[in-house]
Structures are given as structure tokens and as C-alpha cells.
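I am opening my notebook on a structure that is new to me. Come along and look things up with me, one entry after another.

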Amino acid sequence: MQPQSQAAPSGQVSKRERLVKRGVPVDFAAVEHLLRQGLTPGLDAKLADRFDRPTAVRAVSTRVAALAAALAAAGARRGGVCIVPALASAATLQGIAAAGLRPWLVDVDPYSWMFDPAHLRERLGEAPPPIEAIVPTCAFGRAPDMTAWAAFHIETGLPIVVDAAEGFDVVMEAPVPVVVGMPGGRGVFVACEDADFVARLDAPAFSGDAGLDAWSGQRLRLATAAQRLRMLLLGAPIGFQPGWGMSWVSDAWVVSLQEGAAPSVAAKLAEMDYATNAVGPGHAARDETPVADRLAKSVLSLPFSADLGIAELDELADAVRRAL
């Protein structure tokens, strides 16, 4: 039911009329957004409140289901090709496959570890037709340029869905649909400034603890642990993602090593019972990906958690130094 406007009692002036008389502009879109939030309390409303602009949100049970549903709602037709960065995770590729699309991997920028519209514009002609969608990814928690992808969507007309599963700390706008992981570690949410798009989503709803109430404390612990690691590894031949642990943070600790060193360092860490996650292209259908291929042998994803204590962080840093 739509909220009914109520006239001010006789002899009284409504708040809106007072604002208008004083020359204060009224943002009717924001007013409508607030009214709708009041009508739909719950997790979706809490998640929507973190965005700067009015944004529709839907909490979904899994990342794969959310990405598949978002691609379908965006109009990507089954059987076509979906362009994705060469460093996309297995879950991203599974979501694309669940939407009935074939992934085509494209090379990434050597500094951001993501692909950008300028590079992609040059490579679209190399992809096998028909191109049905583009899925930019968030590089292990680092923010993608959402505004640039919105402009590229307008330029090409192609459906674009950003997979930012590790980007809860950085995604604050959704001019194109974006999939973001919950801070509790279970479930994701799909956000978009287009409310009609979110209304079209057909995906299983998330249930359980999203971790929102605990996020402020978790973020503080993550940032504190990240900065301690930076200090413990000061001077080591290792590079942290720009801003990680300072301007933004995630539980994905991904670092750059000397070129080609990742496989041997990973093997040495495994001998010390520290498992690492594979980074790099793992799919046959791809464009030329020299940067991603090099990064796969020079970038390492390491275990990291907000629950790591001082002693555990010291041991982890010591293990990394020995492996290096």
C-alpha cells in the first residue's frame, strides 16, 4: 500500500510548505526513499542505508545464485558470452555458468589487478560472439570504478553486473548492479539504483546473521591486524594492496612478491601448514592475458582473519619472512 499524504490541520502549515517558503529545496527522491525504507524494515533496508544515493537492495543466500539472477535480470541471454577479468575467482565463473553464459577472460591492469573500460573497449572485438554481458570484479576487496562502468554500460548497451563479493568496506554506490558479500561471511546482497532491476531478481533470499551489528568491531580488528602485519613485514620484499588496512580493509590478504616467486613461496608456506589460495587465470577460454599470467606467479593470497591474535600474527609474519 502506498503511503497516503496527510494535509496539515486547518490553520497550520505543513513542514514541506515551510521549507518551500524558506527557499529550501526538497529532494523528493530522497523523501520517497525514506518513506519506502519505513515501509520495508529489515535487512534490505539496513543495507540500503549505507549507500549515498537512493538504492534498492536484495539480500540473497549465495554469491553464485545472486550473480546468476542479476545477469538474468539485466537481460543477458543464455548461450552467449560474458566478459570477465582474467583474475576472476571460481565463484564468479560459477555464477556466470549458472546464468547459462560462457566466460571469456580478458587481461587486467598491472596496478589495480582489474580490467577497465579503456582496455576492454579495445578487446571486445576479439571475444567470440554473441557478447551478452560484462562482469567486472573487485580485486580482493579493492574498489572498482563504478562510475566508469555505468558510463561504459551507456556507451555499449551491454548488461554489466559488478562482482564485489569482498568489497563490503568499499562499495558505497551502485549506478550499475553490484553483488556484495555480507560482513558476517555468509550470504550476499545485490544493490542497484534502479529499483525495477532489483524487483526483477529471482534468487533465494538470505536468512541468518548478516554480521551488520558486529561489523564495526570486526572492521577495527581487521584494520588493526592489517597494520600490525605491515609493521612486522616492513622491509620484506612484499607489496600490500594500496590502502588495505588503512583506507579500506577486507579479510582477503593478497600481496605481490618478486616476479615469479609465488609458487615457491606458497610451497614453503604449505610446509609450515599455511595454506594459500590460487590466484590467476584458470579457464581455457580467454584473450591474450600476459599481465594476469605474470601476476598469477607473483601474487599470493594468504590466510587472514579478524580473530588472529598478536602471537598468531607474529607467527604468520615470521613464516612469510622465512618463505620469502
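**Entry 1: a proline and its bond**

I started with Pro-130, which I found in the loop between α6 and β4. Helices (H or I, at least four residues) and strands (E, at least two) are DSSP runs here, numbered from the N terminus. The peptide bond from Pro-129 to Pro-130 is cis, and its omega is near -5 degrees. I noted beside it that most peptide bonds are trans.

**Entry 2: what I am looking at**

This is a predicted model, in which local features need pLDDT of at least 70 and side-chain atom pairs count only at pLDDT 80 or more, while totals for chains, interfaces and linings use all residues. Residues are numbered from 1 along each chain as its sequence is written, and side-chain values use heavy atoms, with hydrogens and water left out.

I then checked the pLDDT, the predictor's confidence in each residue, from 0 to 100. The chain has a mean pLDDT of 88, and 87% of its residues reach 70 or more. Over residues 1-25 the pLDDT is below 50, and this stretch has 12 contacts in the model beyond near neighbours in sequence; a contact means heavy atoms within 4.5 Å.

Most residues other than glycine have a negative phi. Trp-113 is not a glycine, yet its phi is positive, at about 65 degrees. Phe-140 is not a glycine and also has a positive phi, of about 55 degrees.

Are Trp-113 and Phe-140 buried or exposed? Both are buried, a word that means under 20% relative accessible area, with exposed over 50% and partly exposed in between (1.4 Å probe, protein chains only). Trp-113 comes out at 8% relative accessibility, and Phe-140 at 14%.

**Entry 3: aromatic rings**

How many aromatic pairs does the structure hold? I wrote down 10. Rings of Phe, Tyr and Trp (its six-membered ring) pair if their centres lie within 6.5 Å; planes under 30 degrees apart count as stacked, over 60 as edge-to-face and the rest as tilted.

My two residues from the last entry form one of these pairs: Trp-113 and Phe-140 are edge-to-face, 6.0 Å centre to centre, with 75 degrees between the planes. Trp-113 lies in the loop between β3 (102-106) and α6 (117-123), and Phe-140 in the loop between β4 (131-134) and α7 (146-156), so the pair ties together parts that are 27 residues apart in sequence.

Phe-240 and Trp-244 have their ring centres 6.0 Å apart and their planes at 15 degrees, so this pair is stacked. Phe-240 is buried at a relative accessible area of 17%, and Trp-244 is buried at 1%.

I also noted one aromatic cluster, formed by Phe-51, Phe-168, Phe-189 and Trp-215. Arg-50 lies over the face of Phe-168, at 3.9 Å from the ring centre. For a charge to sit over a ring, NZ of Lys or CZ of Arg must be within 6 Å of the ring centre and within 35 degrees of the ring normal.

**Entry 4: a sheet**

Last, I traced an open sheet of three strands in the order β8-β9-β10, with antiparallel pairing. Its edge strands, β8 (239-240) and β10 (299-302), each pair on one side only. Two strands pair if DSSP finds at least two bridges between them, and β9 (residues 253-256) pairs with β10 over four bridges. Val-254 stands opposite Ser-301 in β10.
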